[in-house]
Amino acid sequence: MREIIFDTETTGLDPLEDRVIEIGGVELVNRFPSGRSIHFYIHPGDRQIHPEAQAVHGISLTDLAGKPRFAEIVEEFLAFIDGAKLVAHNATFDMNFLNQELKRVGIEPLLPDRVVDTLAMARRKHPMGPNSLDALCKRYAIDNSRRTKHGALLDSELLAEVYIELVGGKQAALGLEVVEAAVEVDAGGMSVVAAVARRRIPLAPRLLPTERAAHAAMVEGLGESAIWKRIAMPEGREPASGFTQAAE
């Protein structure tokens, strides 16, 4: 499963008039950072940066001198996010701006069904709040000391850590991708159904030919009611210690 955690910074708050001036994103594969990221500073053309917005992200027009326009980076950005879920904090804000930028260059909008809003997730999980990115970093003991200003790439990196916690912590990524069987096990007197998966490359048999022959001879002497004769093992697999080894 591939997800892109992303953030934008803009010249102001109106997606119809204001422009995206920074995009940052990091890739998660099965809820683990892959090490891949993307980051652009974007010149807003003739649009000025609102002083209140600049106070938040610290980006000035001088900083953006010589930077590409959105039309120059859009193909690289779309290639990076292709086929992935998009995850953002207060995603409606970022998606409105991105889709307006896409519209300006004649590209179809990104559909809402591929977007995950971590602010909405946090509000459901922590209804008493606060649920800003800084507050969630504090809640989950994530170091955000570098965040003196908003920045799209840094905020994406922090949000990736927050998102992993929101979906159940780092252990959420340890689940098996392909479940092929379920076995019923006894857990302290309770019957529990546990999912297991087969190894992609089976382990080599660990019994010597002499041990197999000795086991077969022993089974033959146990009589027709022996449990070993009621266990159908796949070819090349051997029972060990009384278990059928549904998964190794």
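The legends below describe close-up views of one predicted model.

**View 1**
Of the 248 residues in the protein chain, 36% are buried.

**View 2. The parallel strands S1, S4 and S5.**
Strand S1, which covers residues 2–10, pairs in the parallel sense with strand S4, residues 85–88, and three bridges link the two. Between S4 and S5 the path takes in helix H3, residues 91–104, and the three elements together make a right-handed β-α-β unit. In a regular strand, side chains alternate between the two faces of the sheet.

**View 3. The hairpin of S2 and S3.**
Strand S2 (residues 20–29) and strand S3 (residues 32–41) pair in the antiparallel sense over seven bridges, and Gly 24 has His 39 of S3 as its bridge partner. Two residues lie between the strands of this hairpin, where Asn 30 takes a positive phi near 55°. Arg 31, which is also found in the loop between S2 and S3, has a phi near 70°, a positive value in a residue other than glycine. Most residues other than glycine have a negative phi. Is Arg 31 buried or exposed? Its relative accessible area is 19%, and because the cut-off for a buried residue is under 20%, Arg 31 counts as buried.

**View 4. The largest pocket and its lining.**
The largest pocket has a volume of about 560 Å³, and 25 residues line it, of which Thr 8, Glu 9, Val 56, Phe 93 and His 150 are the closest to its centre. At least two residues of the lining come from each of S1, helix H1 (51–57), H3, helix H5 (133–139) and helix H6 (152–166). Which element gives the most to this lining? It is S1, with five residues. Sorted by class, the lining consists of nine nonpolar, nine polar and seven charged residues.

**View 5. The loops on either side of helix H5.**
In the loop between helix H4 (118–125) and H5 lies Pro 130, which is joined to Gly 129 by a cis peptide bond with an omega of about -5°. Most peptide bonds are trans. In the loop between H5 and H6 lies Ala 141, a residue other than glycine with a positive phi, near 55°. Ala 141 has a relative accessible area of 70%, and because the cut-off for an exposed residue is over 50%, Ala 141 counts as exposed.

**View 6. Helix H6, its length and its covering.**
After H6 comes Gly 168, which has a positive phi near 125°.

Methods
Residues are numbered from 1 along each chain as its sequence is written. This is a predicted model: local features need pLDDT of at least 70, side-chain atom pairs count only at pLDDT 80 or more; totals for chains, interfaces and linings use all residues. Side-chain values use heavy atoms; hydrogens and water are left out. Two strands pair if DSSP finds at least two bridges between them. Helices (H or I, at least four residues) and strands (E, at least two) are DSSP runs, numbered from the N terminus. A crossover is right-handed if, with the strands pointing away from the viewer, the path from the first strand over the helix to the second runs clockwise. On a 1 Å grid over the protein atoms alone, a cavity is a set of points where a 1.4 Å probe fits but cannot get out, and a pocket is an open set with protein on both sides within 12 Å along at least five of seven lines; lining residues have an atom within 4 Å of a point. Grid points are joined across faces, edges and corners, and a volume is the space filled by probe spheres set on the points. Ala, Val, Leu, Ile, Met, Phe, Trp, Tyr, Cys and Pro count as nonpolar, Asp, Glu, Lys and Arg as charged, and the others, Gly among them, as polar. Buried means under 20% relative accessible area, exposed over 50%, partly exposed in between (1.4 Å probe, protein chains only).
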